[in-house]
Amino acid sequence: MSPAWPRADPQDPDVAPGGDPVEAWFEARGWAPFVFQREVWAAMAAGRSGLLHATTGSGKTYAVWMGALARRVARPAAPLQVLWITPMRALAADTTRALLLPLAALAPDWRVGQRSGDTPAAERARQDRRLPDALVTTPESLSLLLTRERAAEELAGVHTVIVDEWHELMGNKRGVQVQLALARLARWNPHLAVWGLSATLGNLDEALQVLAGNRDAVLVQGRIDKTLVIDTLLPENPGRFSWGGHLGAQMQQPVIAEIESSATTLVFTNTRSQAEIWYQLLIQERPEWAGLVALHHGSLDKEVREWVELGLKEGRLKAVVATSSLDLGVDFLPVERVLQIGSPKGIARLLQRAGRSGHAPGRPSRVTLVPTNTLELIESAAARRAAKAGRIEKRAPPEKPLDVLVQHLVTVALGGGFAADALFDEVRSAWTYRALTRAEFDWALAFVERGGASLTAYPEYHRVRLVDGVYRVPDRGIAKRHRLQVGTIVGDGTMQVKYLSGVKLGAMEEGFIARLRAGDCFVFAGRVLEFVRTQDMTAWVRKANKPRGIVPSWDGGRMPLSTELADAVLELLAEATQADWVTQIEDPEMHAAQPMLATQARLSRLPTPRTLLVERYRSREGHHLYLYPFAGRYVHMGIASLLAWRLAKTAPNTFSMSVNDHGFELLSAEEVELARLLDGSVLAPGDLLADVLASLNSGELAQRRFREIARVSGLVFAGYPGAPKTTRQLQASSGLFYEVFRKYDPANLLLSQAQTEVLSQELDIRRLAATLRRMAAQRVEFVELKVPSPFSLPLMVERFREALSNEKLADRLARIIRDATAEADR
């Protein structure tokens, strides 16, 4: 390897005679390398791996890219030398442009290419003939490269791998895919250097270890002076009582005023439904903004998204309403302002979105929070405090998911084959599989070789065969199906949405489309559409004449409040219990929320880190019990189910539940005996796993998780291009496998993985256990309510919305608020 830069050319305007080409290239642009960039260059020159953690827009890309260029080989045996892994296809083009910029001065003979699901067939064919020197790709496309027969020959020259936005991959199965791919590449090139990039990680040491494994690695933190402003758009009348979405309409005009005052604004929402609603609100109020305000989320057609992204880059758009589809590091320099509708739910997400403005070294970043209810005012103040204190969420990697391992075994068998002993050692070098036992590996190998204990009679599940000591894929059909389904991104089935003219709008979840009848109107892609018919897995629509339609609700839309943000909220509430707090309020958000907090204190109490607030209220509906652990909606669902189950064991009762990020409601037909709750015994961890599973429909939850596992492991095939299977077909197939394994192969490790994932992902069992321990240690403050409190009302509304129309809900709320206000004013 020859890590020397090309000799300086006196005729090159970017390079001063005799100077360092990198320094000269920076200087020609009016830049100067930061200390952290030089630190990365030195580490990479020494052959070390690492994790670079630095502020968004601070120059991470050129820190690792210059280091990778310095490691290039003059005459490699195989052309591909650098892999740049990005979690999103949308980032690939932007990244490629940035990597190409210095090549004329630093590596004029180098070629940079892209490879993802969006890569045109002609470019793929060109790469098949000869790969570029550097390739920007995704985890899925990298796995596909590993399935090529000559993978070892083509990829042995890769000496540097850069994993962009590592925080987005580390905590999921796509990150596991990356780990396994890195282990394979390191086997072919023991001198492989791996570098991760991130701006928002709380557990940096663990993140480095997961990425680098046993390599000599260093953590580099890019500390640069960058102004970050986090403020809040305050409502004129926050009110003493509030609930989800209560302030939305009131915030419409202030949001429009903020957009008007800036050249380009990104308006972030937490869900696609919210994005559709806010886009409609803006266009209805400012119809002249049509064409200047755009919508961007993952369900829109690729061409629509690319048009929006280009409009942002060129400064042609006044505003874009977006979801997490624009969270990551695409460089939109014209963006001046970022608005966040509703709570960011987490500090990392807030910082990531703030970084979309001022996305360059030295430029300030500003994010303005737009509360949609009064409790979100408190979350806004808490988020700012937590962000300034650097309290960023941790990302926990999955523990040895066997469905990903099963898929990887077939991938490697396709890519030249493998010997079992060598591959076992290789897989265990990946952090996630460090504790993998030989028995577990052998089970996975037997599963792909002969279908395990229950599928031996079916040849299509004999996916690998031992030939001369090497496992290979013997069947072309199996190989084709595997390559079509490589990856771990599994979502519900979708249908294309098209105008009758054939123009594509995007894709909607099949379940939503199935509920529509001809003539029904719904909102999608910023338009009100009329459903015409379904044909060939396509929903055909026309422009509706009606001004309003159903707003779709996408699965997986609600994010729980993070532990870090929840703790910061409780700390602020504790301050609000102090006698002289009103005279010492520093945060404008807390000043705006003060009437609501005063009403809560008057009718009940305020929760604090040391106290557990328990409220009881009687109504004609039954007996209401409210608890406020502040642990996020998923944990609250688990605890509510657990409490109801434990309480009903000693005194039979019927419960219904309502949850939000702050607490939960148990509504029962009979009065609950509170002694075990007040003394903490019902909160004792005990046999937590068994009790949680017993309190929920764990079989149904596990079967739902198994659908994903069946597709990742290759048990279920999603169909060929142009002929996809429907969601119903896929669910039926995975359900059949689940039942077969449960009855005839109960020791199947994919079944136990399904139950493990229910606990870890759907219920967040670690956080649930930690919350129970904290609740058991807290002092219980019990309040008998005469009227609903400001904290209990949002939980009531969550339940009302499932049973009442908007008009009836409004009437019901008006009566409740009138009575509660009268009680508070006594």
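These notebook entries record what I looked up in the structure.

**Entry 1. Model and conventions**

I worked from a predicted model, in which local features need pLDDT of at least 70, side-chain atom pairs count only at pLDDT 80 or more, and totals for chains, interfaces and linings use all residues. Residues are numbered from 1 along each chain as its sequence is written, and side-chain values use heavy atoms, with hydrogens and water left out.

I first checked the confidence: pLDDT (the predictor's confidence in each residue, from 0 to 100) has a chain mean of 89, and 94% of the residues reach 70 or more. I noted that the pLDDT is below 50 over residues 1–18, a stretch that has 38 contacts in the model beyond near neighbours in sequence. Contact here means heavy atoms within 4.5 Å.

**Entry 2**

I took helices (H or I, at least four residues) and strands (E, at least two) as DSSP runs, numbered from the N terminus. Two strands pair if DSSP finds at least two bridges between them.

I traced an open sheet of six strands with parallel pairing, in the order β8-β13-β12-β9-β11-β10. β8 (228–232) and β10 (293–296) each have a single partner strand, so one side of each is left without a neighbour in the sheet. On average, neighbouring strands of this sheet are turned by 20° against each other, direction ignored. Between β9 (residues 265–268) and β11 (residues 319–322) I found four bridges; Thr265 has Ala319 in β11 as its bridge partner.

I then looked up two helices against this sheet. For the angles, axes are lines fitted to C-alpha atoms, for helices over the stretch in contact, and angles run from 0 to 180 degrees between N-to-C directions. Helix α13 (residues 272–285) packs on the sheet and touches β10, β11 and β12 (337–341), its direction making about 170° with that of β10. Helix α15 (residues 347–354) lies across β8, β9, β12 and β13 (365–370), and runs at about 125° to β13.

I followed β5 (residues 160–163) next. Thr160 and Ile162 point one way from the strand, Val161 and Val163 the other way, and all are buried. Buried means under 20% relative accessible area, exposed over 50%, and partly exposed in between (1.4 Å probe, protein chains only).

Four bridges join β5 to β2, and the two run parallel; Ile85 is partnered with Val163 in β5. Four bridges also join β5 to the parallel strand β6 (residues 193–198), where Val161 stands opposite Val194.

**Entry 2. Two glutamines**

I located Gln81 in the loop between α3 (60–70) and β2 (82–85). Gln81 counts as buried because its relative accessibility is 1%. Not counting residues up to four places away in sequence, the residues that Gln81 touches include Trp110, Asp133, His159 and Thr160.

I located Gln221 in strand β7 (residues 217–222). With a relative accessible area of 32%, Gln221 is partly exposed. Leaving aside neighbours within four places in sequence, Gln221 is in contact with Phe36, His53 and Leu204.

**Entry 3. Helix α10**

I checked the span of α10 (residues 173–188): its 16 residues reach 23 Å from first C-alpha to last, close to the 22 Å expected at 1.5 Å a residue. The expected span is 1.5 Å times one less than the number of residues. I counted 14 of the 16 residues as buried, so that α10 is mostly covered. At the start of α10, a side-chain oxygen of Asn172 reaches to within 3.0 Å of the backbone nitrogen of Arg174.

Key: A polar contact is a pair of N or O atoms within 3.5 Å; within protein, one must be able to donate a hydrogen and the other to accept it, and residues adjacent in sequence count only if both atoms are side-chain atoms.
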